[in-house]
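Here are some notes to read beside the structure. Please keep the view open and find each part as it comes up.

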Amino acid sequence: MNIQLHQKKVFFASDFHLGAPDEKTSKIREEKIVRWLTSIQNEAEAIFLVGDIFDFWFEYDKVVPKGFIRFLGKLAELRDKNIPIIFFTGNHDLWMKDYFTNELGIPVHHHPIELVIENKKFLIGHGDGLGPGDETYKLLKKGFMNPFLQWIFKWIHPDLGIRIAQAWSGKSRISNLEKNENDFKGNQEWLWEYCKGINNNTHFDYYIFGHRHLPLELEVGSTSTYINLGEWVSQNTFGEFDGEKMLLKTFEK
Ligand SMILES: [Mn+2]
């Protein structure tokens with residue numbers, strides 16, 4: 001994949017966690033995200049939404065979760081203006097299938113992708129389960145991805161299934177609005193270590209990930225940068241690439 005900017009910019013954001021921690025708080029965040037999308041739409045060559053956009057999402061054959069209608073409407077509007085939107089699943093919404101693709105023309109990626117934007121090489125993904133560490137999650141993800149377990153879950157009535165999933169998801173860091181993930185962990189930053197490992201073999205100018213919930217801009221060797229996009233529950237951070245440099249910005253602050 002290759003993107004030419006035509007004097008425009010590419011935008012990146014992740015970890016909206018729409019739906020968490022409750023409907024009312026999520027609604028306020030949803031409106032803020034819609035304002036952000038409106039603010040960038042005229043200069044956006046493409047928009048990357050890099051995982052955990054929903055705190056929980058599961059696609060049944062004929063049913064999708066209720067809610068998020070203004071966000072979804074905004075995506076539809078941008079797509080109707082022919083702005084490419086590229087979606088990634090995160091660890092909270094990995095059960096997205098082809099609804100966004102069929103309904104909105106938005107590709108949904110389950111793994112990191114490589115692409116070139118104006119001669120710069122990017123590796124972009126949510127980042128869950130990459131790099132050393134996080135063994136418990138890696139095991140859990142195997143279960144989440146298991147086709148048989150997914151098949152069982154699919155046949156639980158959605159009112160019950162989604163309730164169970166929300167209760168489970170409600171235990172996660174972001175739902176509790178805990179701030180203890182804000183400490184930079186040095187060489188325990190697993191995604192940073194992951195980038196360094198990749199960069200030993202294949203050079204990328206930019207590594208763009210979410211998942212960490214901490215906005216980061218770190219050197220990976222002398223000519224590569226790892227950007228973590230942060231989150232939108234309390235920080236509203238996003239990435240903006242103008243063809244030459246990548247900036248981490250904060251919306252409405
Ligand atoms: Mn997240």
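1. The model is predicted. Please bear this in mind for every point that follows.

2. Six strands make up an open sheet with mixed pairing, in the order 1-6-7-8-10-9. Strand 1 (2-3) and strand 9 (216-219) are the edge strands; each has a single partner strand, so one side of each has no neighbour in the sheet. As background, the strands of a sheet are paired through hydrogen bonds of the backbone, and the pairing can be parallel or antiparallel.

3. Both kinds of pairing can be found at strand 6. Strand 1 and strand 6 run parallel and are joined by two bridges; here N2 stands opposite V116 in strand 6. Strand 6 (residues 113-117) and strand 7 (residues 120-125) run antiparallel, with five bridges between them. Across this pair, I113 faces I124 of strand 7, and L115 has F122 in strand 7 as its bridge partner.

4. Look next at the turn. A hairpin is formed by strand 6 and strand 7, with two residues between them. E118, in this turn, has a positive phi of about 45°.

5. One helix lies over part of the sheet. Helix 7 (residues 190-201) lies across strand 7, strand 8 (206-209), strand 9 and strand 10 (225-228). Its direction is at about 150° to that of strand 10.

6. Which residues of helix 1 are buried? They are S26, E30, I33, W36 and L37. In general, an α-helix has 3.6 residues a turn, so residues three or four places apart point the same way. The buried residues of helix 1 pack against helix 2 (69-80). On the face turned away from the buried side are the exposed residues K24, I28, E31 and T38.

7. Finally, the core. The largest nonpolar core has 57 residues, and those touching the most other members are F12, F48, L49, V50, Y207 and I208. Setting aside neighbours within four places in sequence, I208 is in contact with F12, V50, F122, I124, I227, L229 and G239.

Notes. Residues are numbered from 1 along each chain as its sequence is written. This is a predicted model: local features need pLDDT of at least 70, side-chain atom pairs count only at pLDDT 80 or more; totals for chains, interfaces and linings use all residues. Two strands pair if DSSP finds at least two bridges between them. Helices (H or I, at least four residues) and strands (E, at least two) are DSSP runs, numbered from the N terminus. Two residues are in contact if their C-beta atoms, placed from the backbone, lie within 7 Å. Axes are lines fitted to C-alpha atoms, for helices over the stretch in contact, and angles run from 0 to 180 degrees between N-to-C directions. A residue is buried if 20 or more other C-beta atoms lie within 10 Å of its own, exposed if 12 or fewer, and partly exposed in between; C-beta atoms are placed from the backbone. A nonpolar core is a set of buried Ala, Val, Leu, Ile, Met, Phe, Trp, Tyr and Cys residues joined through C-beta atoms within 7 Å.
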